[in-house]
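User: I am new to this structure. Can you show me how to read its features, one at a time?

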Amino acid sequence: MSEQIVIVGFGPVAARLIDELLPAVRSGLARLTVIGEEADAAYNRVLVADLGVGRTTAGALALSDAAALIADGVDVRLGVRVRRVDRARQQVVLTDGTTPHYDRLVFATGSRPVIPNLTGLNPDPAHPVLPAGVTALRDLRDAEVLRQAVAGGKRVVVLGGGVLGLETALAAAEEGATVTVVHNGPHPLGRNIDRGGGAVLAASLRNCGVRMAGNARSTGVEHNAPDGGFSALLLDDGSAIDGDLLVLSCGVRPRVELAEGCGLSTATGILVDHKLRAHHEPHIFAIGDCAEVRCPDPSCGECRTARGPSGLVGPGWRQAEWLAEYLTLLAEGTSDGSGEADSQHDSTEAADSLPELPIEKPGVIVLKARGMNMAVAGDNAAEPWDDEMLMAGAVNGRPRLQIAQWADPEHGRYVKMTTRGGVLEGLVAVGMPRTAAELVSLFERGDELPADRSLLLRLDGPDQLAASGNTDPERTVCRCAGVTGTKIQDAVVDGCSTVAEVSGATRAGTGCGGCHSDIKDIIEKHFQAAAAA
């Protein structure tokens with residue numbers, strides 16, 4: 001008998017797991033049931049803001065085709081929720097009254113937006129009912145709300161200075177809306193960027209037409225619009241920021257309620273080991289935003305310093321790809337229908353011999369818009385003269401941290417390189433696109449920087465204007481999907497002439513979208529060379 005796999009959640013990470021499991025489904029090794037709360041199949045939630053400002057279409061965001069999956073034998077259930085998981089009977093109880101059985105259950109429930117505790121908003125963050133004119137910008141309906149505001153040239157207030165909030169603000173401002181970003185702390189991206197870089201970033205955002213309100217603590221929302229909707233964000237100093245639409249971008253929280261309800265161990269996310277198995281439950285797994293890799297072994301050094309779910313789509317996709325291979329190996333022991341213990345034992349041994357999923361490196365945050373470019377990665381909090389922080393960790397012959405820093409605030413340029421033994425541990429680059437590209441490449445490869453750090457700054461000098469930054473064809477262009485420039489170039493040679501076509505052929509650009517301009521550059525260079533030949 002084939003293995004019954006049930007996936008709870010139908011977002012981008014679940015979509016990748018389904019794609020990787022399809023060969024096992026088609027061959028009869030496994031039967032697959034997918035349960036999604038939304039009426040739509042998986043789509044790229046990261047680019048909902050682009051949809052809201054009219055830069056893309058809902059079709060372009062789609063990551064799965066429900067009809068095609070059904071034709072392949074997948075049991076797709078949309079618009080239905082899981083009430084609870086019955087671990088004793090190995091079944092999930094759905095809101096439509098059905099109780100699908102599972103041999104293996106995968107939580108891919110993702111995360112939900114954090115709803116701040118403000119007067120005028122529903123105080124229950126798990127079941128928010130947002131008033132008219134307020135959106136968390138998480139789904140296709142939210143995108144339509146933003147689209148109407150931008151099309152009407154309305155005033156948009158973004159609460160939160162994280163990367164998604166800033167991307168939304170920049171996109172809306174570029175398309176004609178009046179935008180104000182309200183954030184706590186002296187500068188945006190307060191958890192990711194150092195003070196100098198944050199100050200230059202804030203100035204760059206203002207130059208792009210985004211109004212910035214820093215060191216602001218919001219207390220409530222006002223509903224004095226003609227339709228009873230949002231009219232102003234109230235601050236603790238008694239002032240108010242008027243607007244027509246409030247976009248809440250205050251972070252996300254892993255959805256762990258179902259897992260907690262059936263007795264699984266949770267922390268920030270659902271606790272899983274290095275094989276993505278829930279603690280003490282070999283039949284249940286978790287991947288993506290809801291999963292926290294922290295094994296139960298107290299001697300595991302990697303887990304002792306783990307920071308919880310990354311919140312990035314790339315690591316979730318890599319988890320999905322690894323888990324699909326693991327589940328397929330497990331399913332092979334039940335495929336012959338013999339029920340023999342030896343066969344199942346062999347398949348379990350084969351699955352357990354699969355190398356564990358590699359530990360993820362710290363993520364890179366990239367922010368691109370017309371007139372601005374920023375890249376941030378790793379730990380960049382230390383300052384050049386902060387001896388205590390620079391010596392932290394310098395034990396048993398390990399070198400101390402070193403800082404190379406350069407700033408030109410007048411022209412919106414700033415670079416900071418935090419190195420240990422010549423290798424980057426953190427970086428900040430604002431307004432220096434070619435330097436940023438090279439630093440990110442060095443950071444991801446773990447390569448040593450040149451002894452003369454100023455060589456990197458010169459990449460954005462006047463003598464390099466004709467250059468295009470990092471031209472290494474093997475560099476990773478799409479970090480989310482792990483696609484190199486060579487693979488994209490091959491797709492273009494094979495006939496792909498648009499970003500959408502390259503995405504369809506290689507998956508590049510289907511994550512955060514930060515590589516779209518790089519993909520477009522590769523396409524344009526190919527056709528320019530062909531025309532000149």
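User: Which residue in E13 is the bridge partner of Glu-222?

Analyst: Keep in mind that this model is predicted. Strands of a sheet pair through backbone hydrogen bonds, either parallel or antiparallel. Here, Glu-222 has Ala-232 as its bridge partner in E13. The pairing of E12 with E13 (residues 232-235) is antiparallel and runs over four bridges.

User: What is the strand order of the open sheet?

Analyst: The order is E12-E13-E14, three strands with antiparallel pairing. Strand E12 (218-222) and strand E14 (240-242) each have a single partner strand, so one side of each lacks a neighbour in the sheet. From one strand to the next, the twist averages 20°.

User: Now the core. Which residues touch the most other members of the largest nonpolar core?

Analyst: Ile-7, Phe-107 and Leu-323 do, in a core of 77 residues. Helix H10 (residues 313-331) gives the most to this core, 10 residues. Take Phe-107: its contacts include Val-8, Leu-264, Phe-285 and Cys-290. There is also a second, separate core of 41 residues, with Val-53, Ala-143, Met-374 and Tyr-414 among them.

User: How many disulfides does a search of the whole structure find?

Analyst: A disulfide is a covalent bond between the sulfur atoms of two cysteines. The search finds zero.

User: What about Cys-496?

Analyst: Its closest cysteine sulfur, in Cys-515, is 14 Å away, too far for a bond. Cys-496 is buried too, with a relative accessible area of 11%.

Note on methods: Residues numbered from 1 in each chain as written. Predicted model: local features only at pLDDT ≥ 70, side-chain atom pairs only at ≥ 80, totals over all residues. Heavy atoms only, no water. Core = buried A, V, L, I, M, F, W, Y, C linked by side-chain atoms within 4.5 Å. Buried < 20%, exposed > 50% of the residue type's maximum accessible area, 1.4 Å probe, protein only. Helix = DSSP H or I, 4+ residues; strand = E, 2+ residues; numbered from the N terminus. Contact = heavy atoms within 4.5 Å. Pairing = 2+ DSSP bridges. Axes fitted to C-alpha atoms, helices over the stretch in contact; angles between N-to-C directions. Disulfide = S-S within 2.5 Å. Lists of a residue's contacts leave out its neighbours within four places in sequence.
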